[in-house]
Amino acid sequence: MVLIYNGPIDVDKLLSRWYNAEHNKNYGAMVSFVGTIREEGGIEALSFDIYRPILEQWFEGWKKKLEEKGAIIAMAHSEGDVPVHKSSFACAIFSPKRRVALEMLDAFVEDFKANAPIWKYDVINGKRVYAKDRSTPMEGSGLLVTKA
């Protein structure tokens, strides 16, 4: 499941929701990751745009990959502005064995950073500025493609 939040994620409620939905299904592990906006470079927030059709397609590929290992995944991301010290991204993997969950969580987060269709902007003095230096061009994405 992919949940999209308008603004910051309420981490306590989200992780509790995921845990309560899955804890009695005989998984031996729930491994989660929560991304928090750091205060750096004078930003007051980060702002996000999401292209949902590609995000859902990308996420479906991960669901299938995890199903092959007997595991499931949940993910949430923010759209719009998220102030510093608040969370914009969370995910959790449930699996029969902890090693699967730990290894797949790392691979998922790294792939998410490189390939999820989410564009990040710095918010400085109330204005959105594209965070080009911290963004990864997506293959075939037009304007964001860097020329060799």
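Reader: Let's start with Val84. Leaving aside neighbours within four places in sequence, what is Val84 in contact with?
Author: Val84 is in contact with Ile37, Arg38, Glu39, Ile43, Glu44 and Ala45. Contact here means heavy atoms within 4.5 Å. Before we go on, this is a predicted model, where local features need pLDDT of at least 70 and side-chain atom pairs count only at pLDDT 80 or more, while totals for chains, interfaces and linings use all residues. Residues are numbered from 1 along each chain as its sequence is written, and side-chain values use heavy atoms, with hydrogens and water left out.

Reader: Ok, and where is Val84 found?
Author: Val84 is in the loop between β4 and β5. Helices (H or I, at least four residues) and strands (E, at least two) are DSSP runs, numbered from the N terminus.

Reader: Buried or exposed, that Val84?
Author: Val84 is buried, with a relative accessible area of 17%. Buried means under 20% relative accessible area, exposed over 50%, and partly exposed in between, with a 1.4 Å probe and protein chains only.

Reader: How far apart are Val84 and Arg38, in sequence and in space?
Author: They are 46 residues apart in sequence, and 5.6 Å apart in space from C-alpha to C-alpha.

Reader: Switching to Ser47. What does its side chain join up with through a polar contact?
Author: The side chain of Asp81, at 2.6 Å. A polar contact is a pair of N or O atoms within 3.5 Å; within protein, one must be able to donate a hydrogen and the other to accept it, and residues adjacent in sequence count only if both atoms are side-chain atoms. Ser47 sits in strand β3 (residues 45-50) and is buried, with a relative accessible area of 1%.

Reader: What else is Ser47 in contact with, beyond four places in sequence?
Author: The list for Ser47 includes Gly80, Trp119, Tyr121, Val123 and Arg128. Val123 also stands opposite Arg128 in β7.

Reader: How do β6 and β7 pair?
Author: Strands β6 (residues 118-124) and β7 (residues 127-130) pair in the antiparallel sense over four bridges. Two strands count as paired if DSSP finds at least two bridges between them. Their hairpin has two residues between the strands, and Asn125 there takes a positive phi near 50°. Asn125 is exposed, with a relative accessible area of 69%.

Reader: Now α1. Which of its residues are buried?
Author: Val11, Leu14, Trp18 and Glu22 are the buried residues of α1. They lie on the same side of α1, because they cover an arc of only 70° around the axis. That arc is taken from the directions from the helix axis to the C-beta atoms. On the other side of α1, Asp12 and Lys13 are exposed.

Reader: And what covers the buried ones?
Author: The cover includes β1 (2-6), β2 (29-36), β4 (72-83) and β5 (87-95).

Reader: Last one: which residues have the most contacts inside the largest nonpolar core?
Author: Trp58, Met75, Ile93 and Phe108, in a core of 28 residues. A nonpolar core is a set of buried Ala, Val, Leu, Ile, Met, Phe, Trp, Tyr and Cys residues joined through side-chain atoms within 4.5 Å. The largest share of this core, six residues, comes from α3. Apart from it lies another core, of 10 residues, including Leu14 and Trp18.
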